[in-house]
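We will go through the contacts step by step.

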Amino acid sequence: MRYPKLHTRPELAARVINWLCRMLGVVHNGIGWFLNKALGLTGRTLGRVPWSCRCAVMAAFMALLLIYLWSHGYDWLLARAELNAAQAQTLTAKGWELAFAHLGGWAGWLGLFALAVTFLAFVRRRWALVLQQVLAAAFVVLWTALFFVLIRAPAILHLADPVVFDRYQRNYQWIQVFQAWVPVLALGVLYLLALLTRSPRLWYGGTSPAQPLPGDLVVENLKTHGGDPLYRTSSYWSLFAHVFALFGIPLLIRGCMEKPYGIIKGTGEQVIQVVKVKPVKKKKKDELILNMDSPILFYRPELDDSRVLEELMEETEATYVAQTLEGAGLGKGGKGRGGWPKGMEGARVRFIRLEYDGGDWDQDMGVGADYNMLIQMAKITNFPIAERTESIPIRQLRRFPKHRGPPFVFITGRGSIAVSAPDVKILRWYCLQEGGMIFADNGGGHFDSSFRNLMRRAFPELEWVDIASDDILYRQPFLFPSGAPPLWHHSGNRALGLKHNGRWIVFYHQGDVNDAWKDGHSGAGPELASQAYKLGINIINYAFNRYYELHYE
C-alpha cells in the first residue's frame, strides 16, 4: 500500500519562502519596468520643450515660493504648526525666530533675483545660463538651511515642555516638515544637475565641452549604477522605500482617514445671554374687613393665594426672552467674530451622527430634520456650517487626526442598539481620552433601555445624574431657568448626564428634541421649536469649549 508523501514543517516553510521570493521578484521587476518607462516618457516629453521655457518655469516657481516665504513665512508656519503664544515665545527665547528671520530676509532677495531670471531665461546667451546656475545653487543652499532650522523647532518645544509638546507631536511636526520641504529640495537639486549638463550649455550658445560636465557624470553614473551595480540597485530600492513611507503611505491612507474636524478660528468671548424679565406684580393678600358692631363678615372675593403664586411662577418663567448675540460671538478670546484663537482656518460646524446595528440610527436625519439645527446655529451664531449632516460608524472615531476629532457626536433612534465590544471601547476612549461628548436623544420605542445598557457597558463606573437647572449647560449662551424643555418626555421629564473629571461626557435628552428640529416641528409650535434649537446650540457650545480646553489650552 502506497501512502502519500507528507512534507515536514521545514520543507513546507522553505517552499512558502521560495514562493514569496519569486512573487517579490516579479513585483520588483514590474515596478522597475514601470519606473523605467515612466522616466523615459518624461524625458522624451521634456526633450521637446525648449530649455528657455523649462528654465523660465522653474525660476518663476522659485520666485513665487521665496517671495511668499519672505512675506508670510513666520505667521504661516506658526499657523500650520498650530503653536500657541507660549510656544512661540519659547522659540523666540531660543533664537529660532531670529534665525528664521535672517533666512527669510535672504529668501526675499533671492526671490527678487529669481523673478528677474525668469525673464532672462529667454535670452540665449552664456551669461543667462550662468545666472540660472547661480540661482539654482543658491536656492538649494537656502532651502537646505531652512530645512535644518525647521527641524530644530519641534525639538526645542519638546525639550522645553515634554508634557504639552510630547514626542508624538514632535514626530508629527517632523514628518510635516519632511513632506513639505524635501520634495521642493529634491526638485531644486534636479534642476541644478540639469543645468550642469551638456544640453543647456549648447542651447545657450556655448561650445561642446571636451570632457563630460558634472551633471553628465551624475546622470551617467545613475544610469549605469556605478562600479557596483548590485549595491547601487539595493540603494535605489532603499531610497524608494523611505520616500514611499514618508510620502506615499500618507497619501494612500488619506482616503481611509476622516476629514479633520476643525474648531472655528476667530475671536469671541464666553457669552451669557442677556435675559429680559417682564416684571409681574404680585396681588396683595386678601384683607378681612370686620365691623365690630355687625355679625356680618365683609371681604373682597379673590383667587386663592396658592393659585396666585402658581400663576406668578408660570408667568415669570414664560417672560424669559431670548436675545440675539450682539457684540460678541461664541467662543473665547475677546470681543469680535465668534470662534477660538487657536482654531482652524476654513473650519465649519459639522453635525455627525453615530451609526449602529439593530435599530433606526438614521431617524429624522438630514435635510428637513437635524440639518435645520445647523441652519439655526448659523443664523444665531454666524458660524459657518457644513453643507450636509454626516453619519459614521463608531469605529471611524479612531480615524480622525489627533486633536482633530469631533467635539460631539449625536445618537438617536427608536429601536434597540447593537454595538460590538471593540466599538464600546472606542466610545469610552472617545469620551474619556479624546475629550468628545455624546449628545443622545430618545426617539421613543426601546431606545431608552438600549442606550442606558450601552452606556453601562462603556462607563460601568459612572452613574446617571440629573442635570441641575442651574448647570452651565443651561446658561451659555441661552438661559433655561427650568433646565431642558421636556418636549415629548418619552422616558422622563429631565435631561440626564454622565460626568467624568468635572466634564459632561454624555448629555441625554429623554424627550425627542430631534423631532422638534424637523420641518413642522411635529406639532410642537414655533416657540417650543426655538427652545429646542437653542438647547442644541448650548450643548454644542459646551462640547466645543471643553474640547478646546483639553487640546489647545
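This is a predicted model. Start with helix H4, residues 96-120, and helix H5, residues 126-160. Their axes lie 10 Å apart, and the two helices pack at an angle of about 155°. An angle over 145 degrees counts as roughly antiparallel. H4 and H5 are therefore roughly antiparallel to each other. Their crossing is left-handed. What kinds of residues make up the contact of H4 with H5? There are 23 nonpolar residues, one polar and one charged.

Now turn to helix H3, residues 85-93. Which of its residues are buried? They are Gln87, Ala88 and Leu91. These three cover an arc of only 100° around the axis, so they lie on the same side of H3. The other side of H3 has exposed residues: Ala85, Ala86, Gln89 and Ala93. After H3 comes glycine 95. Its phi is positive, near 85°.

H3 also meets H5. Packed helices are described by the angle between their axes and the distance between the axes. For H3 and H5, the axes come within 10 Å and cross at roughly 110°. The range for roughly perpendicular is 65 to 115 degrees.

Which residues touch? From H3 come Gln87, Thr90 and Leu91. From H5 come Ala153, Ile156, Leu157 and Ala160. The residues of this contact divide into five nonpolar and two polar, with no charged ones. Gln87 and Leu91 are buried residues of H3, and both take part in the contact with H5.

Note on methods. Residues numbered from 1 in each chain as written. Predicted model: local features only at pLDDT ≥ 70, side-chain atom pairs only at ≥ 80, totals over all residues. Heavy atoms only, no water. Axes fitted to C-alpha atoms, helices over the stretch in contact; angles between N-to-C directions. Helix = DSSP H or I, 4+ residues; strand = E, 2+ residues; numbered from the N terminus. Parallel < 35°, antiparallel > 145°, perpendicular 65-115°, else oblique. Left-handed = near helix turned anticlockwise from the far one by under 90°. Nonpolar A, V, L, I, M, F, W, Y, C, P; charged D, E, K, R; others polar. Buried < 20%, exposed > 50% of the residue type's maximum accessible area, 1.4 Å probe, protein only. Arc of directions from axis to C-beta. Contact = heavy atoms within 4.5 Å.
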